[in-house]
Amino acid sequence: MLNSNTKSRIQSFGRFLSNMVMPNIAAFIAWGFITALFIPSGWLPNATLAVMIDPMITYMLPLLIGYTGGKLIAAERGGVVGAVTTMGCIVGSDDPMFLGAMIAGPLAGWVIKTVDSALEGKVKSGFEMLVNNFSAGIVGMLLSLLALVVLGPLADWFAEALAAGVDTLVQHNLLPLTSILVEPAKVLFLNNAINHGIFSPISMQQASEVGQSIFFLIESNPGPGLGVLLAYSLFSHGLSKQTAPGAIIIQFFGGIHEVYFPYVLMNPRLLLAVIAGGATGVATMSMFNAGLVSPASPGSIFAILLMSPKSSMLGVVVSIVSSTLVSFIIASFFVKRAALEAKANEELGAEYTPTANTPIANVHTEAEGSVGSQQVFAPVVPIQPLPEKTFKTIVVACDAGMGSSAMGANLLRKKVVAAALDIDVRNMAIDHLTDDIDIIITHQELTRRAINKAPSAEHLSLSNFTDDVFYDDLISRLKE
């Protein structure tokens, strides 16, 4: 396992890359629908409507990414200059400039932010708008020319190098080996960074050339996680057996894969199951020459099927089924073994019980140190005692602020309403947290980041965003 500092740095970099793509997922899906429906091999071939496909992937999508990348650095001004700079990359290349946009956007944001800082306090009163507009315009012009001459060709070279690497893996039948890195990284909450920060640019490039890409389904395949949850549903006992069926619905149909990560983390041997399941899925897709036309986000079976072209539908379905079966078979062995070990421990009176009211500073150390012994019990993270004060806002936060945190916030909000508490419950990305929030709830793997972002808030850790016991205990404390 990675140490906390290394994991935090990787998460931070991957999060920044994925944050350029995730806000624009709806645009990718719109392009994917048009492609899947109206290309010659699509479900409803239509040459008149298909004329939108190339302009959208050539101009719209890279410009959105460039704008978002600049905005992440320097707000709206950074976004505008980022889009202008990205246009230089687009014109300077014959290929869709997704990689170029992910370089040009943040670079433009950093440059305009530096220029604004240098001009701060030096502009005469009444000339602020003039200077602001002209400085952004001049910077955008210069950077777009730089992108045309340098960034575009550089991104082309990098894309060609990636394509060559991918071709090498495909030609030597080594693409399934990517699961050795992808599946462990997913359960360490690097799933968004991998899918949207790394695979999406490669996938879009490939889809623009051949109409589909296998990389859209390497990370988002629900099969490996589904196999693990099925094994828990059938062969575990206690809380993990009770919660696994609900987790299956959320993961497979809702597309929120984070829900199965705790089940793997509490029995790390299950990494073998998800790696084997992922590799099987990739191998199957390669055999059927299958792929998706656009990102399936979230990774729900519905989204995956909607993004599957007619020619790949069989391969995609077989890939998901085969990866599920392989993951289930291997996971079943380890879950059964863990159940036997847990039963023996119970007979010896050694069942794991967490210490009540453990301070938050100790929660993470104890949870990480005891992962290997929590064989079949869903991990429990004690709640830090709350101070005597009035709480008005609770935020459930996750990496992207969408899937798992939205689910957790919805569950908690219903309980808050039922308890007639006057508390606002929202979900949010960790990067958007502020110190004016009263209580922040995060997964135990992400709590350190949340504390660094909003140190004055009350921070609570959980191990599963569907943990009813956690929310019920919190409601009781709030009512007191």
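These notebook entries record what I looked up in a predicted model.

**Conventions.** I number residues from 1 along each chain as its sequence is written, and side-chain values use heavy atoms, with hydrogens and water left out. As the model is predicted, local features need pLDDT of at least 70 and side-chain atom pairs count only at pLDDT 80 or more, while totals for chains, interfaces and linings use all residues.

**Entry 1: the sheet.** I took helices (H or I, at least four residues) and strands (E, at least two) as DSSP runs, numbered from the N terminus. Two strands pair if DSSP finds at least two bridges between them. In what order do the 4 strands of the open sheet run? I found the order 2-1-3-4, with parallel pairing. The edges are strand 2 (424-429) and strand 4 (458-462), each of which pairs on one side only. From one strand to the next, the twist averages 25°; axes are lines fitted to C-alpha atoms, for helices over the stretch in contact, and angles run from 0 to 180 degrees between N-to-C directions.

I then looked at strand 1 (residues 393-398) and strand 3 (residues 439-443), which run parallel and are joined by 3 bridges. Within strand 3, isoleucine 441 stands opposite valine 396.

**Entry 2: helices on the sheet.** I used contact in the sense of heavy atoms within 4.5 Å. Helix 14 (residues 403-418) lies across strand 1, strand 2 and strand 3, and runs at about 175° to strand 2. Helix 16 (residues 468-479) also packs on the sheet, where it touches strand 1, strand 3 and strand 4. The direction of helix 16 makes about 155° with that of strand 4.

**Entry 3: nonpolar cores.** A nonpolar core is a set of buried Ala, Val, Leu, Ile, Met, Phe, Trp, Tyr and Cys residues joined through side-chain atoms within 4.5 Å. Buried means under 20% relative accessible area, exposed over 50%, and partly exposed in between (1.4 Å probe, protein chains only). Which residues have the most contacts inside the largest core? They are Val228 and Leu433, in a core of 83 residues. Helix 6 (residues 179-210) supplies the largest share of this core, 10 residues.

I listed the contacts of valine 228, leaving aside neighbours within four places in sequence: Tyr263, Val264, Leu270, Ala273, Val274, Ser327 and Ala331. Another core, of 21 residues, lies apart from the largest one and includes Phe391, Ile394, Val396 and Tyr471.

**Entry 4: aromatic pairs.** Rings of Phe, Tyr and Trp (its six-membered ring) pair if their centres lie within 6.5 Å; planes under 30 degrees apart count as stacked, over 60 as edge-to-face and the rest as tilted. My search of the whole structure gave 9 aromatic pairs. Phenylalanine 199 and phenylalanine 215 have ring centres 5.5 Å apart and planes at 50°, so the pair is tilted. Phenylalanine 199 belongs to helix 6 and phenylalanine 215 to the loop between helix 6 and helix 7 (223-235), 16 residues apart. Both phenylalanine 199 and phenylalanine 215 are buried.

I noted a cluster in which ring pairs link Phe252, Phe253 and Phe302. Is phenylalanine 253 buried or partly exposed? Phenylalanine 253 counts as partly exposed because its relative accessibility is 39%.

Entry 5: Cysteine 89 is buried at a relative accessible area of 0%, and cysteine 398 is buried at 4%. Threonine 35, in helix 2 (residues 25-38), counts as buried at 3% relative accessibility. Beyond neighbours within four places in sequence, threonine 35 is in contact with Ile53 and Val293.
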